[in-house]
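Please look over the model shown here before reading my comments, which are written for someone new to protein structures.

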Amino acid sequence: MTHIDVQQIEKANAVERTPVVFVHGLWLLPSSWDRWAAHFEQAGYAPVSLSWPDDPETVAEANAHPEVMAGKTVGQVADHLAQLIGTLTRKPAIVGHSFGGLLTQILAGRGLSAVSVAIDPAPFRGVLPLPVSALRSSAPVLSNPANRNRAVPLTYDQFRYGFANAVSEEEARELYETFAVPAPGAPLFQAATANLNPWTEAKVDTENPERGPLLIISGEKDHTVPWSIANASYKKQQHNKGVTEITEIKGRGHALTIDHGWQEVADTALSFVRRYA
């Protein structure tokens with residue numbers, strides 16, 4: 001838990017507002033949610049952008065010391081987030097992107113959220129599609145087994161393909177320089193082998209009646225988590241008796257939460273959250 005986590009949680013607990021917890025994915029930091037947090041705060045919520053274990057506070061610090069981010073597993077991060085959420089005095093909405101979208105579903109499956117939004121969520125056990133673009137996007141990590149225990153940065157070209165394929169070259173470079181950080185390799189290996197490992201941490205309790213309403217958002221042009229993966233997650237989540245919805249946002253890639261069109265995605269999430277929290 002960072003001092004920023006503590007400050008945000010204390011601030012959220014001090015006001016009569018529903019907290020909205022934001023969960024980042026691989027290659028990003030909590031600060032990637034700053035504009036979302038301000039937007040949700042203006043809408044009357046108490047934003048809390050939570051860290052993964054040992055997250056550096058800045059992109060510069062993360063790129064200078066990638067080793068601190070190595071070795072984090074899905075289960076470790078989920079338990080860390082659950083502990084932080086447990087210190088909130090009100091049940092939060094949870095919004096997550098990519099592996100943060102997977103973690104959002106894990107946390108919702110534990111009954112920890114009032115309402116959840118998973119944006120281009122990484123797959124969990126039972127989600128079967130493996131599109132070529134998703135394999136290519138994960139290849140920088142999965143191509144070397146030693147990366148399981150490392151923090152792996154993306155080159156600009158890898159970021160351009162996996163995140164920023166739906167924006168201009170100029171914007172792609174700006175996003176890379178502003179947001180990209182090394183990421184632990186372990187979660188990608190866990191997701192890749194989830195359907196082969198009955199004990200995997202990359203699994204979601206889709207049937208818990210305490211899950212709450214869930215929206216999955218898919219970017220039409222996402223290479224990393226294409227529609228086939230998002231829709232397969234949606235179909236698994238339909239086993240739940242609660243509200244389960246999916247929507248596709250046209251013309252958007254995996255960088256949809258941080259690129260110039262972020263507010264369209266934020267408003268889609270906000271509209272859903274408002275219906276239930």
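Predicted model: local features only at pLDDT ≥ 70, side-chain atom pairs only at ≥ 80, totals over all residues.

1. Residues are numbered from 1 along each chain as its sequence is written, and side-chain values use heavy atoms, with hydrogens and water left out.

2. The structure holds ten salt bridges, a salt bridge being a side-chain nitrogen of Lys or Arg within 4 Å of a carboxyl oxygen of Asp or Glu. One of them joins E16 to R90, with the closest N and O atoms 2.8 Å apart. Because E16 sits in the loop between α1 and β1 and R90 in the loop between α4 and β3, the pair ties together parts that are 74 residues apart in sequence. (Helices are DSSP runs of H or I with at least four residues, strands are runs of E with at least two, and both are numbered from the N terminus.)

3. R252 and D259 also meet in a salt bridge, at 2.4 Å from N to O, and both residues are buried, meaning under 20% relative accessible area, where exposed is over 50% and partly exposed lies in between (1.4 Å probe, protein chains only).

4. How far from D55 is the nearest side chain of opposite charge? D55 is buried yet has no salt bridge, and that side chain, K72, is 7.5 Å away (Lys and Arg count as positive, Asp and Glu as negative, and His and the chain ends are not counted).
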